[in-house]
Amino acid sequence: MTSQSTDPLTLRVVIVGAGQAAAAVARTLRAEGHRGDITMLGAERVGPYERPPLSKTWLSAEALPEIASLLDLSRSGQPEVDLRTGVNVTRIDRALRTVHVDDGTEFRFDRLVIATGGRARRLELPGDASDDITYLRTTDDALHIRRRLKRGKRLLVIGGGWIGLETACSARRLGVDVILVEAGQRLCERTVPAIVGEHLLRIQRSLGVDVRLSAGVDRLSKLPDGRYAASLTDTQEAFDLVVAGVGMVANDELAAASGLPCAGGVLCDVEGRTTDPHVFACGDVASFEHPFGPVGTRRLESWDNAEQQGAACARAILGKQTAAHSLPWFWSDQGDVNVQILGFPNATDTPVLREDDGRATLIWLGQCAIDEPARIEAAVCINAPADMPILRRMWQKGVSVDRHTLASKDLSLKSLLQRSAGVGQNGSAGT
Ligand SMILES: Cc1cc2nc3c(=O)[nH]c(=O)nc-3n(C[C@H](O)[C@H](O)[C@H](O)COP(=O)(O)OP(=O)(O)OC[C@H]3O[C@@H](n4cnc5c(N)ncnc54)[C@H](O)[C@@H]3O)c2cc1C
């Protein structure tokens, strides 16, 4: 079947999934002048919202935060999006260019965007309580946990990744006793080098989280009083609630069943193009090679990627290229400590460390002789949020600096940025 539309601004676009990436696609399409139909099909009861607050304020703030819609076009004068919530897309027919929903409806598309995100990886443990383990992905999950986190209660967190760490901090804020077990030898092993993991461990322990590394749960059973007995590697403990944060599984089954290549996510490029020119993917479900990342495809499960790739995907649908891409950016709040990550910190290189009064900024430079200037490739700011926009700017401007100068406490990052005026550009989008 060939598309009836020749003008990309009138293409009929269907978006499967109604999360953050889906919202970024729709908003950007409209901002770029697209006036064709956009249908967004989401399985949750609510339209697109931001998930980061779920493990932070949603668990620990006194009043439950409001959900801010990511798809409010009412004041922009742009055509609305046909948002259908509480519907499950069950099949994609790429030959007929239709998607099929569990209530029997079908939608035709000129361009399809798969923005189905992911789901929490589930645990199956010996004992009779695996079904009672709570995971944190949606507002319903956050509400379930929030209702159970009360002063004096005991929480077991399984998994020392970002969601586990944030849940542990939020619980400590409420006076909950927390044991966190992590099977690996350090925290956030998959995403940050050991030196950052050590900082995270110090933060957690300073907040009173009982972090146990190289540890796991051998058995989890229900107790007659409604609590849970957990056989941990060294001890036997009772808990009121068990939360696991052991990674995400991409919701790529629909795409795979339609014949699109998938490998831990829908394979696409940084702008969401799949092997089918009519089908795009973006956000947590997308697996792609980042232009500034290591060789190979990977998912970037972050707020920033949902925004950037969603927007890039919309432009690609309209036949426009995103002028330049930026380094990935991620943040996490561990209690009152803000952690931000730029780029892909390299586990084997030693970063330059700028440390001062509880703040630490670690900066990775490109390959060079020890005393030669090189460009910033990645950075981690721990409790130093003001450094991040400067480092992003330095990267965008392609600033080169040597390790010794960068480490100097007498020179602020701002002054290094100012000194560099006029050097070559990295060509980033300037985010
Ligand atoms: C608790 C939590 C805290 C986070 N904190 C941070 C943070 O501090 N910093 C940061 O950078 N990132 C954070 N993230 C990550 C960030 O929120 C995600 O990367 C982002 O939400 C991804 O957006 P997405 O649209 O790709 O996927 P999602 O937001 O998961 O949206 C996908 C949507 O598709 C729907 N869907 C799936 N299959 C179907 C189907 N067949 N039919 C219809 N609908 C379907 C799903 O129900 C879902 O609503 C956090 C994530 C979580 C869960």
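1. Let's start with the packing. This is a predicted model, and its largest nonpolar core has 70 residues. Leu155, Val178, Val242, Ala379 and Leu391 are the ones with the most contacts inside that core.

2. Take Val178 as a way in. Beyond its neighbours within four places in sequence, Val178 is in contact with Leu155, Val157, Ala168, Ala171, Arg172, Val209 and Asp210. Another core, of 51 residues, lies apart from the largest one; Ala18, Leu112, Phe288 and Ala314 are among its members.

3. Helix H8 is worth a look too. Of its 11 residues (387–397), 8 are buried, so H8 is largely enclosed by the rest of the structure. The buried ones are Asp387, Met388, Ile390, Leu391, Arg392, Met394, Trp395 and Lys397, and Leu391 also turns up in the list for the largest core.

4. What covers those buried H8 residues? The cover includes strands S21 (337–343), S23 (359–365) and S24 (374–382), along with helix H10 (413–419). Just after H8 comes Gly398, with a positive phi of about 70 degrees.

5. Now the ligand. It is surrounded by 37 residues, and the closest are Gly17, Gly19, Arg51, Gly117 and Gly283. The elements giving two or more residues to this shell are helix H1 (20–31), helix H7 (303–317) and strand S20 (329–334).

6. As for the make-up of the shell around the ligand, you'll find 18 nonpolar, 13 polar and 6 charged residues. Domain 1 (8–119 + 249–317) and domain 2 (122–244) each supply at least three residues to the shell.

Key:
Residues numbered from 1 in each chain as written. Predicted model: local features only at pLDDT ≥ 70, side-chain atom pairs only at ≥ 80, totals over all residues. Near = placed C-beta within 6 Å. Helix = DSSP H or I, 4+ residues; strand = E, 2+ residues; numbered from the N terminus. Nonpolar A, V, L, I, M, F, W, Y, C, P; charged D, E, K, R; others polar. Domains from an automatic or database assignment. Core = buried A, V, L, I, M, F, W, Y, C linked by C-beta atoms within 7 Å. Buried ≥ 20, exposed ≤ 12 C-beta atoms within 10 Å, placed from the backbone. Contact = placed C-beta atoms within 7 Å.
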